Amino acid sequence: MESVELSANEMPAFGDLINLSAEKLQELETVLTSILALPVARETYAQIIDGKPTRTPYSEDIKAHRSGLLETIIVNDNSKPSDGAMQQYEEIRRTFVPQGLKIDLKLTQAYQNALPGSREHLLRLLEIAAASVNALAGMIYASFHPDTKIMPPEPREGHFWQFRTTDHFYVDFYHTNYRRFQRYPFGLLNVVGYWAEAELFGGVVLFERVGSSSKIINAFLHPQTAVHAYQLSEQQLKSFADLGIAGDAAKSAGAETVLPFAKEPDARTELTFAKVGKAPLRIYKNEYDRPPVSYLPEGPGCVKMGDGESGAKFDDLMKFVQEKGWDRAPTYPAPFESQPSLRDAYSARDGASFSSKDGSHSANNEGP
């Protein structure tokens, strides 16, 4: 995969896993081997080989909600990957070794430095495993679809809005919240990688950070079409790490039990974007794929209508909503409408960066 230039302060350095100790490398290889043996992994990577998904990112939502998307959604006729793609994946899986992957060297070093048995070790193992399945997806896509331009020409003005409530995009594999390929080191190959990661893990794996962005304290999952991410429990983290020390039979059974992760009833949830005026987002995957600030303002706090100060605040809030046109009836049912509109908030921010006359997209390479 050919790297795409980012701004100097965001450019991650990628390399192989040669600097990992034998113990760390063996643990990672054991985890990845168990993941790649899963039926969901076989179907995920076989779809990438085919270049044709068996369902669209919106398919599950279409089943649950009737909406305007029914007129634009494209649900493929193929219910499963081709036999040829399944066989080719099995060949890849049998010869797979993690040393062939190109991973962010900072992630590799953080995993190496984590003390075995520590909580940080659990988080770092999950982090590098997610990055590995992501990278493998991009490598497979590039190998079987070599004519793909991983960094297509800059889109024309309004391009991102062209895709609103449709299933059309540069590639057929994407997580609805991770399509800003101009910011990614490997462009569209990263977009495919996020999709594969979400299929295998149940969502894109994010991390909560404190202080320096390199310090992670909790793991979250960002599912398809969602504006919230949910935190993984301590037991989920431990069960995942156990895949690295289990025997062959146990690890296969354990992987099917653990992955894809499911949201637990009492799981903490957090928004995956920051509103204007709010503190910077602290839950994200990498600096370069952190969502930009949403155009949605923080606004006044929730108050009930009444007399005095609370009534005045409510009146001010309603005036602001009416001025913005947000009091109009939504086109889609409420559970579904809230998701595309917030996702499009990101796209609008990105699309605006392409309005310069000289055609450069340097604004899109700046931090959020």
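The following exercises, with worked solutions, concern a predicted model.

**Exercise 1.** Determine how the axes of helix H1 and helix H6 are oriented, and which residues form the contact.

*Solution.*
1. Helix H1 covers residues 22–36 and helix H6 covers residues 119–144; their axes come within 10 Å and cross at roughly 55°.
2. H1 is therefore oblique to H6.
3. The crossing in which H1 passes H6 is right-handed.
4. H1 contributes Lys24, Glu27, Leu28, Val31, Leu32, Ile35 and Leu36, while H6 contributes His121, Leu125, Ile128, Ala129, Ser132, Val133 and Leu136.
5. By class, the residues of this contact comprise 10 nonpolar, two polar and two charged.

**Exercise 2.** Determine how H6 is oriented relative to helix H9, and how the residues of their contact divide.

*Solution.*
1. Helix H9 spans residues 234–242, and H6 packs with H9 at an angle of about 65°, the axes being 9 Å apart.
2. H6 is therefore roughly perpendicular to H9.
3. H6 passes H9 in a left-handed crossing.
4. On H6 the contact involves Arg119, Leu122, Leu123, Leu125, Leu126 and Ala129; on H9 it involves Glu234, Leu237, Lys238, Phe240 and Ala241.
5. These residues divide into eight nonpolar, no polar and three charged.

**Exercise 3.** Is glutamine 224 buried or exposed, and what does its side chain reach?

*Solution.*
1. Glutamine 224 lies in the loop that joins strand E4 (216–222) to strand E5 (228–231).
2. The relative accessible area of glutamine 224 is 19%. Buried means under 20%, so glutamine 224 is buried.
3. The side chain of glutamine 224 reaches the backbone oxygen of tyrosine 174 at 2.9 Å.
4. A polar atom of the glutamine 224 side chain also lies 3.0 Å from the backbone nitrogen of threonine 176.

Methods. Residues numbered from 1 in each chain as written. Predicted model: local features only at pLDDT ≥ 70, side-chain atom pairs only at ≥ 80, totals over all residues. Heavy atoms only, no water. Helix = DSSP H or I, 4+ residues; strand = E, 2+ residues; numbered from the N terminus. Buried < 20%, exposed > 50% of the residue type's maximum accessible area, 1.4 Å probe, protein only. Polar contact = N/O pair within 3.5 Å; in protein donor to acceptor, adjacent residues only side chain to side chain. Axes fitted to C-alpha atoms, helices over the stretch in contact; angles between N-to-C directions. Parallel < 35°, antiparallel > 145°, perpendicular 65-115°, else oblique. Left-handed = near helix turned anticlockwise from the far one by under 90°. Contact = heavy atoms within 4.5 Å. Nonpolar A, V, L, I, M, F, W, Y, C, P; charged D, E, K, R; others polar.
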